[in-house]
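Good morning. Please have the structure open.

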Amino acid sequence: MGGLQKKKYESGSATNYITRNRARKKLSLSLADFRRLCILKGIYPHEPKHKKKVNKGSTAPRTYYLLKDIRFLLHEPIVGKFREYKIFVRKLRKAYGKGEWSGVERLRENKPAYKLDHIIKERYPTFIDALRDVDDSLSMCFLFSTFARTGKCHVQTIQLCRRLSVEWMNYIITSRSLTKVFLSIKGIYYQAEVLGQTITWIVPYQFAHNHPTDVDYRVMATFTELYTTLFGFVNFRLYQTLNLVYPPKLDGPGEASLRSGCDEDYALDSESYSEKLSALSASLARMVPVMEEEETQLDHFPAEGEDLEKMEAREKAELERDAQKNLFEGLKFFLNREAPRESLAFLIRCLGGQVSWDKSLCIGSTYDVTDETITHHIVDRPNVDKQYINRYYIQPQWVYDSLNAKMLLPVEEYFLGVTLPPHLSPFVEETEGDYVPPEKLKLLALQRGEKPQEEDEEEEDEEEDDDEDDEQSEEDEEEEDEAKLTEIEEKRTKGKSLPVKVTPGKVKAENRTKAEQEEKAEEKRLAIMMMKKREKYLYEKIMFGKKRNIRDANKLAAKRKAHDEASKTDKKKKKKC
Amino acid sequence: MAAARRHKRVAASQPGFLPLKADLDGNIADIKRRKRVNKNRKKNWNKYSDIHDVEDFLDDVRLQERATGGLISEKPDDSLFFVDLGEKEKDTRPQEEETVKKSRSSKPLRIDLILRPASHIQAPKNILAFQQPNAKKQRRIAEKAAKLAAIGVVPRRERLLQLRRAAATTRVPVKENPACNNPQTPFYDLWSAGTPETADPYYLEQTKKKRVRRPSKLNEKPSVLPAVEIIAPGASYNPDFFSHQELLREAHKVEVKKLKEEEKLQRQLAVNGEIATEESTFNEQVEGLIEEEEEEEEEEEEETEQKQPEEETEDTAVGPSATQKKKTEKQRKKEKAERIKELQKKAERQVIDRRQQLFQLRSIHANLKKQEQVTKMRRTQRKANQEAEKSMPRRLGRLKFQTPDLDVQLSDELPGSLRSLKPEGSILKDRFKSFQKRNLIEPRERAKFKRRIKVKYTEKRAFREIK
């Protein structure tokens with residue numbers, strides 16, 4: 001065989017990987033700077049498949065990067081900026097040490113700074129790429145914008161995050177693209193559909209912060225740096241798609257200037273505008289004044305089979321979305337001061353409602369408590385002293401649940417002092433055979449248009465009927481009337497016509513479906529019979545698993561029923577007592 | 001005579017020259033007799049030519065210029081002479097006082113007078129002071145600037161000045177290079193199609209005008225997990241009873257597992273058997289010293305007995321020295337025949353077996369199928385594992401990824417309303433862990449603070465006194 005013997009660790013994966021320290025030395029950066037660079041450029045450590053081959057026979061766990069990635073990093077101009085910054089810090093320290101205050105000032109003025117525009121462009125070549133990755137930046141920006149300005153991170157960063165998140169919320173409001181909300185014990189999860197992309201983000205509750213110690217703030221700040229830049233560009237583009245002015249401007253400057261007198265109580269002049277923007281109560285100015293909205297009809301293409309089904313499903317979803325968008329159209333809300341203002345205002349405005357709050361609570365309130373046209377008053381305390389008769393006093397959960405249900409839920413269950421129905425997660429999608437909580441079943445029934453079965457307890461609540469139900473029932477009655485009329489007409493025509501007649505053949509829709517079903521069942525049975533032994537075994541196994549699931553679900557449901565009954569009897573006992 | 005004559009000649013060449021020094025006026029007495037010397041050498045020329053008269057004359061000219069600021073002969077008469085009108089009468093006293101005052105105020109200080117240059121000749125001007133350095137270069141620069149200005153290009157300094165002026169009028173501080181966390185960052189359309197580059201790409205790359213293309217592999221995410229993982233439905237602020245129970249069960253499982261591990265650790269660390277007390281250690285140390293001699297002897301004997309057999313066994317174990325005898329021819333032949341026979345038997349057996357396999361065809365078939373099935377299953381399993389690994393946190397450093405604790409509120413902690421909700425856990429930590437889980441950063445430990453120099457504790461005297 002001839003040829004030189006190959007040496008170990010001189011080719012293959014040993015040369016494809018580089019350890020973190022060696023990479024750091026190659027770039028001549030400090031560890032912190034190296035880490036920052038990697039985060040900004042999107043270069044992540046890599047776990048080699050065979051550690052022994054990479055680490056010269058040792059399996060000690062170390063951090064590896066791909067050598068090609070590091071070579072790519074060598075071309076980055078920001079590396080130079082990092083070095084400049086290092087020198088700047090050194091000079092500043094020296095000037096401080098010597099007490100050269102003018103020198104310190106001069107250095108401070110010429111502090112080296114870097115921009116990440118080119119990195120964003122490089123990492124996200126198209127706008128849609130950026131939009132797909134915006135989840136992270138949203139969560140981070142909303143998180144950082146709630147931080148206290150205590151030196152855990154730069155105040156400027158907090159301000160920028162706040163600005164960007166307010167811009168985002170305003171965009172979502174204007175485009176009305178919010179689809180789901182979930183109030184968890186951790187924070188509020190939102191989901192929106194923006195330009196066909198599903199975007200999920202989490203927002204912390206206000207005043208919920210304790211700063212955890214086991215989090216590397218420097219790393220988080222670096223991520224935020226990147227994400228704010230990305231987020232800003234995405235916002236700009238989104239505003240452009242809606243023909244909105246960027247940076248956002250409130251619609252109707254005349255009004256703003258009129259109200260500026262009383263705004264001085266809230267904020268400085270410089271800040272009052274951004275505060276008003278963040279109040280979310282006013283709509284934004286557009287580049288082109290809004291045209292009369294045309295109802296765009298979807299183009300219909302002839303489709304067959306599965307395509308048709310898909311199309312129908314899509315159309316149905318589209319209709320649902322439209323309904324959800326205008327859910328609160330024409331409703332007027334008032335938020336009591338204990339309700340979470342920002343979240344509720346955001347939601348209500350997303351669904352097309354009007355919202356206001358107490359003047360002393362926050363800037364940007366548009367009407368007073370005494371306004372007669374208010375339809376819903378959101379209260380989060382057991383009782384209210386002065387109640388107006390022409391509005392509902394409801395708990396905040398109603399707003400969230402209505403959005404998730406894509407319909408106005410009956411208000412009775414959310415009145416003051418009433419035990420609320422559970423707040424279900426809209427992100428759970430049950431498959432067939434899973435346990436579905438009864439509340440969800442009820443909701444589904446409501447969505448299908450069925451009326452909930454009346455229970456003993458609901459009779460008490462029935463005294464306060466809501467308008468929606470009345471309207472619905474009125475509509476139903478109208479329909480019934482029409483049906484009766486047609487019937488009468490038919491009878492009349494029957495009476496006048498000759499006894500000999502040609503009756504049109506009745507279409508037995510039910511029979512046909514039944515027959516179809518039977519046919520299908522027969523086919524299935526045959527198919528099972530025709531199965532090979534092995535396949536049959538597998539089939540039976542699958543069916544058994546399904547049945548087991550159903551059985552489990554049934555068990556859970558029974559349990560729940562027992563639990564409910566027990567709790568009911570308890571309640572009754574308590575009432576009696 | 002000759003000198004006088006020459007002098008006269010000099011004087012004659014300067015018509016109307018008035019010497020200041022008296023001795024220049026034809027002082028002939030000093031004139032020595034001229035020595036006759038050959039002046040064919042330079043030395044003699046230097047030595048014997050008399051230039052006193054010229055030097056004296058020039059000296060006088062210089063003196064006049066120094067003392068009076070010019071040649072006396074050229075001065076107008078007014079400056080040289082005055083008409084004597086006798087002594088002026090002294091004025092009245094008040095006037096005198098005024099003049100005194102005036103003179104005092106106008107009169108320069110004596111020190112200034114002393115320091116004033118004695119000579120009337122103006123100091124020569126410093127030419128360099130009036131010459132512009134790099135005049136040529138600057139002229140050229142100015143010409144170029146004029147040319148640019150004609151085109152309409154504003155120089156950088158001018159531009160910066162204008163910027164500053166504009167900033168002053170609008171009262172918005174203009175910074176040339178704001179940082180990326182500047183809250184007033186003006187964003188623009190990053191993804192709009194700019195003007196396409198027409199120059200040679202290789203040239204652009206080499207001159208670092210164009211960035212190196214990012215490998216497309218870098219845009220793949222290291223994990224398939226979503227950026228925001230949604231919490232279980234049981235963690236709703238007002239959860240459905242059963243989903244809440246489910247979550248609690250989940251949390252309970254985790255907790256039990258942790259407890260088990262801890263217990264295991266405790267068990268492993270526990271001391272086996274008796275713990276040494278003072279008494280036992282003492283006994284151990286003293287053992288053998290107090291014991292009676294007889295016992296010792298017995299023990300010694302026993303020890304020797306034990307040693308002997310050990311040695312014997314060692315000896316036997318060391319060398320199995322079986323020297324084999326040489327085989328005879330006959331034996332060898334026999335062995336060979338046996339070997340061949342064995343081989344034949346084996347071959348025959350194989351043939352038979354193969355023939356038998358024909359009847360085992362079904363079972364072989366079944367076996368094969370079974371094997372295939374196993375490989376298939378393994379393959380699918382491997383695929384599934386690989387798929388699952390995509391969403392698993394990898395081992396990226398010294399530390400393993402630690403899954404964070406589940407955020408759970410117990411049944412009695414659940415709030416009745418949104419107002420009384422106490423948020424659980426921290427989103428910051430959740431985000432941080434999410435980054436780690438998605439393999440964006442490696443799990444790390446906070447660096448521990450190590451004190452290099454030992455701290456010395458001393459009591460202050462005041463404190464000691466009180467104590």
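Is the crossing of α10(A) and α11(A) left-handed or right-handed? It is left-handed. Bear in mind that this is a predicted model.

Let me stay with that pair. Two packed helices are described by the angle between their axes and the distance between the axes. Here α10 covers residues 134-145 of chain A and α11 covers residues 155-175 of chain A; their axes come within 8 Å and cross at roughly 125 degrees. Angles from 65 to 115 degrees count as roughly perpendicular and those over 145 as roughly antiparallel. α10(A) and α11(A) are therefore oblique to each other.

Which residues make the contact? From α10(A) they are Leu138(A), Cys141(A), Phe142(A), Phe144(A) and Ser145(A). On the α11(A) side, the list includes Ile158(A), Cys161(A), Leu164(A), Trp168(A) and Met169(A). Sorted by class, the contact of α10(A) with α11(A) has nine nonpolar, three polar and one charged residues.

Now to the sheet. α11(A) also lies across β3, β4 and β5 of chain A, at about 55 degrees to β4(A). These three strands form an open sheet in the order β3-β4-β5, with antiparallel pairing. β3 (178-183) and β5 (197-204) of chain A each have a single partner strand, so one side of each has no neighbour in the sheet. On average, neighbouring strands here are turned by 15 degrees against each other, direction ignored. β4(A), residues 187-194, pairs with β5(A) over eight bridges. To pick out one position, Glu193(A) has Thr198(A) in β5(A) as its bridge partner.

Next, another helix pair. The axes of α3(A), residues 31-41, and α12(A), residues 217-241, come within 9 Å and cross at roughly 35 degrees. This crossing is right-handed. In α3(A), the residues that meet α12(A) are Ala32(A), Arg35(A), Arg36(A), Ile39(A) and Leu40(A). Among their counterparts in α12(A) are Arg218(A), Phe223(A), Glu225(A) and Leu226(A). The class count for the contact of α3(A) with α12(A) is six nonpolar, one polar and four charged residues.

Last, strand β6(A), residues 332-335. In a regular strand the side chains alternate between the two faces of the sheet. Lys332(A) and Phe334(A) are on one side of β6(A), Phe333(A) and Leu335(A) are on the other, and all are buried. β6(A) runs parallel to β7(A), residues 354-357, and four bridges join them. Within that pairing, Phe333(A) stands opposite Val355(A) of β7(A).

That is the end of my list.

Note on methods. Residues numbered from 1 in each chain as written. Chains lettered and ligands numbered in written order. Predicted model: local features only at pLDDT ≥ 70, side-chain atom pairs only at ≥ 80, totals over all residues. Heavy atoms only, no water. Axes fitted to C-alpha atoms, helices over the stretch in contact; angles between N-to-C directions. Helix = DSSP H or I, 4+ residues; strand = E, 2+ residues; numbered from the N terminus. Parallel < 35°, antiparallel > 145°, perpendicular 65-115°, else oblique. Left-handed = near helix turned anticlockwise from the far one by under 90°. Contact = heavy atoms within 4.5 Å. Nonpolar A, V, L, I, M, F, W, Y, C, P; charged D, E, K, R; others polar. Pairing = 2+ DSSP bridges. Buried < 20%, exposed > 50% of the residue type's maximum accessible area, 1.4 Å probe, protein only.
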